[in-house]
Amino acid sequence: MLSSAVSSSLLILHKPFARVIRFPIPKLPLSPNPRPLSSLSPAASALTPNAVGAGGRAGALSPAPITEDLQKIDVNPPKGTRDFPPEDMRLRNWLFYHFREVSRLFGFEEVDFPVLESEALYIRKAGEEIRDQLYCFEDRGNRRVALRPELTPSLARLVIQKGKSLSLPVKWFAVGQCWRYERMTRGRRREHYQWNMDIIGVHEVSAEAELISSIVTFFKRLGITASDVGFKVSSRKVLQEVLRHYSIPEALFGKVCIIIDKIEKIPVDDIKNELKSAGVSEEAIEQLLQVLSIKSLTKLEEILGDAGEAVADLKQLFSLAEKFGYSEWIQFDASIVRGLAYYTGIVFEGFDRGGKLRAICGGGRYDRLLSTFGGDDIPACGFGFGDAVIVELLKEKGLLPELSLQVENIVCALDPGLQGAAATVATILRGKGQSVDLVLENKPLKWVFKRAARINANRLILVGDSEWQRGMVGVKILSSGEQHEIKLDELE
């Protein structure tokens, strides 16, 4: 049984325990005659531009100008970016947990890279859309740098850096923030977080098959089915075989892929004009567009024959899809080429079958990426999966989880003099791995119960004077209303 002091404290909720006193905060006036910079300390004055020119550290900051006019700042984040208040952070952590858990289930290790990279890492071939979307600038050491727009080039850089110390195959994943200055649409922002999984050192199509399997596993964990989402699959080698047939130079291949990647974004006549300007003959353009319209692997085989690598790779992938158990998720679509120049073989995109959202994820094989950075080529494939589009899809399907704050215990002192005792109780519980919200001020119990409901606390622990003298505390199980006393050393 609880003592009368604790019992009455639990039952009488309307009686305040303390009077709230508010102290006025004086408004400090700005000095009408601020000190000139020359009157600051030598260390501060060394930051002036003149000091830099006279031999000070290059790139040092100049102090902000002193002004008497205080203006309100725009409290919104920069356009295309986001804040993550607690409710949004809970969703982000939930999503990232599933990214990481699926990666763990497939035996991948987590890596990360700097958000700021050398600009040269992303400037590969003319015409790539990503070149015009970089957040890039010259730093104070006169180096051209950029906020990373994707993770794969950083991965390639790290693989080259590690060299022969890596034991192949490498199976790595990353969850990182990326930046692109692009037109915003639903699910497309100027900053986003991206989940990448990459396999380095495997030639066979089994690597792509496993990567698609990992994404399907992720979708299933979230309640997304094959009727909601599918994968369009093709191969860059399909285009290569068509272009080779019409003697189109290999050097034009990347540029043609970038143009073809726009096929669902701009009119077909514009596609034809761009291909013609790139040096592709009208006959080749017509044949190319005919092949790109194919949605059947059997039809592709009739046109290209079964001797080429493109058809062989795709047939093997579809065969493996059956073994992995996701054949209903994938379909052949020759128009899928992906917009980045480094892809060399199988490419794939996850898409919303409802047609309301842009590509959910995408990836493919990039066997020749490392040589563009001066390294030795190693077979590789991977995918990128953004956080913004999947959240929109979950909203569309009514699959967003309810993720409320939940704390196991709320601890409250019934007297200001027992605040230290309440802190002791909180420390004991935290040491046992339990979460505790310690009431830091003298608050009425009505307020405490309201807070307990807001944070979904399981228990309310009250520290009263008579109980504390006996080495006890009062406990109320908030779901059932059960109340009892317990010894401090038995509190768990």
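Helices α7 and α10 are roughly antiparallel to each other, because their axis angle is over 145 degrees. This is a predicted model, where local features need pLDDT of at least 70, side-chain atom pairs count only at pLDDT 80 or more, and totals for chains, interfaces and linings use all residues. Residues are numbered from 1 along each chain, and side-chain values use heavy atoms, with hydrogens and water left out.

**The α7/α10 pair**
- The axes (lines fitted to C-alpha atoms over the stretch in contact, with N-to-C angles from 0 to 180 degrees) of α7 (residues 236-245) and α10 (residues 282-292) come within 10 Å and cross at roughly 155°.
- In contact terms (heavy atoms within 4.5 Å), Val238, Leu239, Val242 and Leu243 of α7 meet Gln287, Leu288, Val291 and Leu292 of α10.
- That contact has 7 nonpolar, 1 polar and no charged residues, with Val and Leu counted as nonpolar.

**Helix α4**
- After α4 comes glycine 107, with a positive phi near 80°.

**Whole chain**
- The chain has 16 helices (H or I, at least four residues) and 16 strands (E, at least two), taken as DSSP runs.
- Of its 492 residues, 46% count as buried.

Methods
Angles under 35 degrees count as roughly parallel, over 145 as roughly antiparallel, 65 to 115 as roughly perpendicular and the rest as oblique. Buried means under 20% relative accessible area, exposed over 50%, partly exposed in between (1.4 Å probe, protein chains only).
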